[in-house]
Amino acid sequence: MTVDDILDILENQLFVLVDGPDHDLVEAGELDSLRFVELLLAVEQATGQQLAPKDLDLDDLRTPTRIAKAFTELLNLGQA
């Protein structure tokens with residue numbers, strides 16, 4: 001997953017306004033537990049793989065850049 005992929009999902013599927021790839025979604029209150037599940041499902045649909053949310057930390061979810069990195073690492077490690 002690239003940062004652009006995450007931004008596309010956030011903006012076009014979840015309707016979350018993002019100021020840029022380093023916008024802190026948690027601090028801004030734009031990524032709560034429900035939106036996280038929606039994001040996780042959208043990433044799973046886009047990749048065709050399941051992700052294990054237990055392997056993610058809150059800091060992994062703060063910005064689109066961190067989200068893309070965390071999801072890519074999970075997918076590459078086969079933990080998805």
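Look at Arg62 and Asp59. Their side chains meet in a salt bridge, 3.3 Å from N to O. By salt bridge I mean a side-chain nitrogen of Lys or Arg within 4 Å of a carboxyl oxygen of Asp or Glu. Asp59 counts as partly exposed because its relative accessibility is 41%. The cut-offs: buried is under 20% relative accessible area, exposed is over 50%, partly exposed is in between, with a 1.4 Å probe and protein chains only.

A word on the source. This is a predicted model: local features need pLDDT of at least 70, side-chain atom pairs count only at pLDDT 80 or more, and totals for chains, interfaces and linings use all residues. Residues are numbered from 1 along each chain as its sequence is written, and side-chain values use heavy atoms, with hydrogens and water left out.

How many salt bridges does the structure hold? Three. Arg62 also pairs with Asp24, with the closest N and O atoms 3.2 Å apart. That pair links distant parts of the chain: Arg62 sits in the loop between H2 and H3, Asp24 in the loop between H1 and H2, 38 residues apart. Helices here are DSSP runs of H or I, at least four residues, numbered from the N terminus.

Next, Lys69 and Glu73. Their side chains form a salt bridge at 4.0 Å, N to O. They are four residues apart in helix H3, so about one helical turn separates them. Lys69 counts as exposed, at 55% relative accessibility. Glu73 is partly exposed, at 40%. Shared partners, meanwhile, join Asp24, Asp59 and Arg62 into one network.

Now a charged residue without a partner. Glu44, in helix H2 (residues 33–47), is buried yet has no salt bridge. The nearest side chain of opposite charge, Lys54, is 12 Å away; Lys and Arg count as positive, Asp and Glu as negative, and His and the chain ends are not counted. What does Glu44 contact, beyond neighbours within four places in sequence? Gln49, Gln50 and Leu51, where contact means heavy atoms within 4.5 Å. A polar atom of the Glu44 side chain lies 2.9 Å from the backbone nitrogen of Leu51.

Leu51 takes us to Phe71. Phe71 touches Leu51 and others, including Met1, Phe36 and Leu56, not counting residues up to four places away in sequence. That is the tour. Questions, please.

Definitions and conventions. Helices (H or I, at least four residues) and strands (E, at least two) are DSSP runs, numbered from the N terminus. A polar contact is a pair of N or O atoms within 3.5 Å; within protein, one must be able to donate a hydrogen and the other to accept it, and residues adjacent in sequence count only if both atoms are side-chain atoms.
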